[in-house]
Amino acid sequence: MSLSNQLKNQHLMWRAGFGPAVEQLDDLDKTSPQKLYKTLQKSSSKKPEYIQAADNYLQGLMMGFEEIGRQRQEMSAEQKKELQKRSRDGIKSLNLYWVNEMVNSDAQLREKMAFFWHGHFACRNLNVFFQQQLLDVIRQNALGSFRDLLHEVSRTGAMLNFLNNNQNKKDHPNENFAREVMELFTIGRGNYTEEDIKEAARAFTGWGANEKGEFVFRKFQHDSGSKTVLDKTGNFDGDDVLDILSEQRQTAKFISKKIYRFFVNDNIDDQKVEWLADRFYKSDYDIGKLMQDIFTSEWFYDEKNIGSKIKSPVELLAGIQRMLPMKLENEEALLLLQRVLGQILFYPPNVAGWPGGKTWIDSSTLMMRMRIPQLISDQDEFNIKPKTDDDQMMGRNDDEKFKPDSYRMGKAGKPIHAEIDWNKYLVVYNKIPRTELMNDMAGILLQTKKAVSADIINQYSDGGSRESFIKTATIQIMSTPEYQLC
């Protein structure tokens with residue numbers, strides 16, 4: 001059975017963005033997926049603005065690398081503690097700024113691609129300057145050349161520090177950076193030898209960054225001798241090694257396979273991945289063309305790919321906010337929800353990033369996911385106690401608003417309260433007969449063909465008026481297991 005344009009376009013909006021915005025719903029059945037994708041491309045063509053999350057205090061400290069170096073020597077314990085606190089607060093702000101872009105920006109394709117690269121080039125670092133610089137690099141290059149993206153990411157202070165390359169010196173090479181560049185960023189495990197790692201590490205000696213995140217090449221720490229990497233020999237530096245890795249067709253296959261899993265289906269179709277990888281390689285790693293190949297192919301809209309993926313926590317939270325425009329009384333509640341659900345932006349579990357797929361769901365997170373619409377609409381109380389990990393909590397464990405006792409009943413203790421602008425949503429159903437509302441709402445909100453029980457939705461919805469029914473039934477549909485899929 002052929003899928004309607006509306007369902008195809010909803011599928012496209014979830015995979016190439018963070019779900020349809022309520023303002024777009026009326027137009028989804030009036031255009032083709034090909035035209036919608038061109039609109040997404042055009043909306044994402046403009047370069048993004050740099051997100052500055054560090055406050056004036058931190059920016060003042062970073063006026064010069066040498067100056068901050070002297071100041072650190074003179075800082076008291078209290079001053080160092082204050083510096084760490086402000087940097088963590090900056091990362092918290094960076095998180096919220098970016099979520100706001102995911103929800104409100106027209107550049108959905110760019111932000112979704114940046115979200116993918118954020119997991120691919122996973123980096124956990126408590127320096128806000130490093131993190132906002134890395135975020136800018138992936139947002140600027142999200143749809144450009146993977147070759148350029150690889151080179152720029154490899155020169156960021158965030159990645160060089162996270163993977164210990166500041167300690168990579170010619171007399172004492174550190175292999176961590178070279179290993180992860182091969183294993184996780186380019187050709188993948190099993191396609192290099194330990195000797196390749198050792199030789200590549202020598203090429204990256206002397207690569208480092210100052211405290212502002214600026215790339216620094218320390219030539220006296222660089223091993224200028226001959227090296228052999230992947231059967232190529234020469235007096236290589238780090239850029240040479242990155243180029244050698246880009247020359248490997250395996251890199252195109254590794255990236256294409258990972259992108260297929262993220263954007264299409266967790267179950268890999270090897271034939272389609274080979275086709276994508278071949279075209280990706282021949283385009284000299286043009287990410288935009290790769291995504292066009294995916295989103296304009298008929299097989300992308302096969303029924304087996306519709307509603308086949310579990311939304312990540314960030315996708316889930318952003319998607320709800322796009323469908324139901326809202327103003328959060330306490331935006332920091334989003335940080336708590338990210339933490340409870342297992343995905344805090346800028347805090348990946350390790351250098352491999354979030355595994356995704358079925359790992360998003362367990363007995364506790366599934367129940368929590370289905371409660372989120374109720375929490376947002378003030379019909380439920382947040383009484384979950386997250387794990388006590390102050391690092392993942394971004395230094396908020398000492399904040400009274402986020403102590404376990406404050407998750408109890410009552411609005412004063414609720415970290416979540418949203419003012420939903422229902423008018424934009426209600427108007428979508430103006431012309432729908434009352435008897436058809438359930439089916440229409442389910443068709444808009446759900447990506448799965450599996451029908452939800454109308455009896456259960458009606459049982460927990462307020463049928464006192466048309467408006468009340470639409471509001472409460474929407475919350476109930478969003479609280480079903482089916483809404484977790486896209």
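Colleague: How do I read an accessibility value, and how does Glu 214 count by it?

Modeller: Buried means under 20% relative accessible area, exposed means over 50%, and partly exposed lies in between. This is a predicted model. Glu 214 has 39% relative accessibility, so it counts as partly exposed.

Colleague: Where does Glu 214 sit, and what does Glu 214 touch?

Modeller: Glu 214 is in the loop that joins strand S1 (207-209) to strand S2 (215-217). Leaving out residues up to four places away in sequence, Glu 214 touches Gln 133, Gly 208 and Ala 209. Its side chain also makes a polar contact, at 3.3 Å, with the side chain of Lys 212.

Colleague: Now the aromatic pairs. How many does the structure hold?

Modeller: There are 24 aromatic pairs. Planes under 30 degrees apart count as stacked, over 60 as edge-to-face and the rest as tilted. Phe 146 belongs to helix H8 (residues 146-154), while Tyr 285 lies in the loop between helix H14 (270-282) and helix H15 (287-295), so the pair ties together parts 139 residues apart in sequence.

Colleague: Are these two residues buried or exposed?

Modeller: Phe 146 counts as buried at 0% relative accessibility, and Tyr 285 is buried with a relative accessible area of 1%.

Colleague: Which residues have the most contacts inside the largest nonpolar core?

Modeller: They are Trp 117, Phe 146, Met 291, Phe 295 and Tyr 425, in a core of 142 residues. Helix H5 (residues 77-104) supplies the largest share of this core, eight residues. Beyond four places in sequence, Phe 295 touches several residues, including Leu 12, Tyr 37, Leu 109 and Phe 263.

Colleague: What should I check on a helix such as H18?

Modeller: Start with span. H18 (residues 363-376) has 14 residues and reaches 21 Å from first C-alpha to last, close to the expected 20 Å. Then look for a bend: H18 bends by about 35 degrees at Met 370, and Pro 373 follows within four residues.

Colleague: How many residues of H18 are buried, and what covers them?

Modeller: H18 is mostly covered, with 10 of its 14 residues buried. Among them are Thr 365, Met 368 and Arg 369. The cover includes helix H16 (313-323), strand S5 (326-328) and helix H22 (466-478). After H18 comes Asp 378, with a positive phi near 70 degrees.

Key: Residues are numbered from 1 along each chain as its sequence is written. This is a predicted model: local features need pLDDT of at least 70, side-chain atom pairs count only at pLDDT 80 or more; totals for chains, interfaces and linings use all residues. Side-chain values use heavy atoms; hydrogens and water are left out. A nonpolar core is a set of buried Ala, Val, Leu, Ile, Met, Phe, Trp, Tyr and Cys residues joined through side-chain atoms within 4.5 Å. Buried means under 20% relative accessible area, exposed over 50%, partly exposed in between (1.4 Å probe, protein chains only). Helices (H or I, at least four residues) and strands (E, at least two) are DSSP runs, numbered from the N terminus. Contact means heavy atoms within 4.5 Å. A polar contact is a pair of N or O atoms within 3.5 Å; within protein, one must be able to donate a hydrogen and the other to accept it, and residues adjacent in sequence count only if both atoms are side-chain atoms. The expected span of a helix is 1.5 Å times one less than its number of residues. The bend at a residue is the angle between axes fitted to the seven residues ending there and the seven starting there. Rings of Phe, Tyr and Trp (its six-membered ring) pair if their centres lie within 6.5 Å; planes under 30 degrees apart count as stacked, over 60 as edge-to-face and the rest as tilted.
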